Amino acid sequence: MAYINVPEGVPGIRSLVMFRPETGKYLYELAQVLLRGPSPLTEAEREMIATFVSHRNNCKFCAGSHAAAARCLLGDEAKLMDDVLVNYQAAAISEKLKALLTIAGKVQILGKEVRQTDIDLARSKGATDLDIHDTVLIAATFSMFNRYVDGLASLTPEKDSDYVEMGKRLAEKGYSVPQQQPIQ
Amino acid sequence: MAHIDFKNNEPGIRGPMAYSPETAAPMNQLAEILLRSENNSLSKGERELIGTYVSYLNDCFFCQNVHGAMAGHYLGCDIGQIEDLKRNFVHSDISDKMKALLTIAGSVQKGGRFVTDEQIRIAKAHGAIDKEIHDTVLIAAAFCMFNRYVDGLATTAPRDPQFYVNRAPMRAEHGYIGSVAPAVAVDHS
């Protein structure tokens, strides 16, 4: 059970945002602009970075929902999401994305872990300033979301199938603040 | 030198924020409501102290100096006293409720799952209400983002702590929205 009095039966961050919509509004705006706004990275690539960081932060809710979104966006290549979580260096993704995932993995530990050699490698694989900026900010932002979701012990659905619909909604509709249910 | 060219010379987080104003807008709005809203039973000083403590644990020079100066400004403490609080709040004269909330913030810094039932029980026993616990966790989580944005891109900033103390009254008055200089247009194509 969550540590605070959030609406019952509502999973993850949605329950927290319904508890405190004043802050939730900006959290969803940030997710929308970062994951769906203009970027040199595809929406699928951005969701893969978000999932990779959430997985390393052991946040089952964020990893489950964003992996599901990435699989929807990847379509026929949905398996790539799972391959990345097992061993991204062996996955059939671009060398640029591998180098960016290495940077994201460093950010997940702490900002200072990102070294010039990590940046140089990403650039040698074609990464631009915006690729690097967006990767660092996605990894930083999910270091927030993961802590928010688990730090308040919000409801985490157990079954993988529980995340399929969530992923479909995120892939098709993006990030919009959940509305408070009218009181019956 | 920063890892990327921000096309501006702003210090700390303001460099990447001016570089990417679309993402900066909700980040600054979040900071504003979490740290400066009047509609909060935690004082502005207490909220800045939580941000300072997490930034200290994350070893983020820029954030712990900016927000340490803000906390000092609101709480009427000098830099030395803020330094002592960061290092040893347990033996300070802050309230038991704030000690319990800072303990929760310290767990959030390690990872969400480090927060325990017992830490929450103690905070509630000392009078913390749900909204205060929520805001403590979200402030701590948000600084885990801000700190990583600042250091993950290797932003640069003045090394003299007095620089931040001098700016704190102005920031306290004007707030976080609009803290970023007018952006240079960036081509996102």
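1. B:Ser95 is exposed, with 12 other C-beta atoms within 10 Å. On the scale used here, a residue is buried if 20 or more other C-beta atoms lie within 10 Å of its own, exposed if 12 or fewer, and partly exposed in between, with C-beta atoms placed from the backbone. B:Ser95 sits in the loop between helix 5 (79-88) and helix 6 (96-110) of chain B. Its C-alpha atom is separated by 26 Å from that of B:Arg171, and the two residues are 76 apart along the chain.

2. A word on the model and the numbering. This is a predicted model, in which local features need pLDDT of at least 70 and side-chain atom pairs count only at pLDDT 80 or more, while totals for chains, interfaces and linings use all residues. Residues are numbered from 1 along each chain as its sequence is written, and chains are lettered from A and ligands numbered from 1 in the order in which they are written.

3. Chain B has nine helices and zero strands, in the order α-α-α-α-α-α-α-α-α along the sequence. Helices (H or I, at least four residues) and strands (E, at least two) are DSSP runs, numbered from the N terminus.

4. What is the radius of gyration of chain B, and what would a compact globule of 189 residues have? Chain B has 16 Å, which agrees with the value near 16 Å for a compact globule of 189 residues. The radius is taken over C-alpha atoms, and the globule rule is 2.2 Å times the number of residues to the power 0.38. The C-alpha trace of chain B spans about 50 × 35 × 30 Å along its principal axes. Of the 189 residues in chain B, 48% are buried. Among contacts in chain B between residues at least 6 apart in sequence, 73% join residues at least 24 apart; two residues are in contact if their C-beta atoms, placed from the backbone, lie within 7 Å.

5. Between the chains, 43 residues of chain A are in contact with 41 residues of chain B. On the side of chain A that touches chain B, helix 2 (21-36) and helix 8 (129-151) of chain A each supply at least two residues. Helix 8 of chain A gives the largest share of that side, 17 residues. By class, the side of chain A that touches chain B has 24 nonpolar, 12 polar and seven charged residues. Here Ala, Val, Leu, Ile, Met, Phe, Trp, Tyr, Cys and Pro count as nonpolar, Asp, Glu, Lys and Arg as charged, and the others, Gly among them, as polar.

6. Helix 1 (residues 12-19) of chain A is mostly covered, with seven of its eight residues buried. The buried ones are A:Gly12, A:Ile13, A:Arg14, A:Ser15, A:Leu16, A:Val17 and A:Phe19. They pack against helix 2, helix 4 and helix 8 of chain A, and also against helix 8 (130-152) of chain B.

7. In chain A, the axes of helix 6 (residues 95-109) and helix 7 (residues 116-124) come within 8 Å and cross at roughly 160°. Axes are lines fitted to C-alpha atoms, for helices over the stretch in contact, and angles run from 0 to 180 degrees between N-to-C directions. Helix 6 and helix 7 of chain A are therefore roughly antiparallel to each other; angles under 35 degrees count as roughly parallel, over 145 as roughly antiparallel, 65 to 115 as roughly perpendicular and the rest as oblique. A:Lys96, A:Ala99, A:Leu100, A:Thr102, A:Ile103 and A:Lys106 of helix 6 meet A:Asp118, A:Leu121 and A:Ala122 of helix 7. This contact has five nonpolar, one polar and three charged residues.

8. Which way do helix 4 and helix 9 of chain A lie to each other? Their axes, for residues 60-74 and residues 164-173, come within 7 Å and cross at roughly 60°, and the two helices are therefore oblique to each other. The residues of the contact divide into eight nonpolar, two polar and two charged.

9. Two loop residues of chain A deserve a look at the backbone. A:Asn58 has a positive phi of about 60° although it is not a glycine. A:Asn58 lies in the loop between helix 3 (43-56) and helix 4 of chain A and is partly exposed, with 13 other C-beta atoms within 10 Å. A:Ala153, in the loop between helix 8 and helix 9 of chain A, has a positive phi near 55° and is likewise not a glycine. A:Ala153 is partly exposed, with 19 other C-beta atoms within 10 Å.
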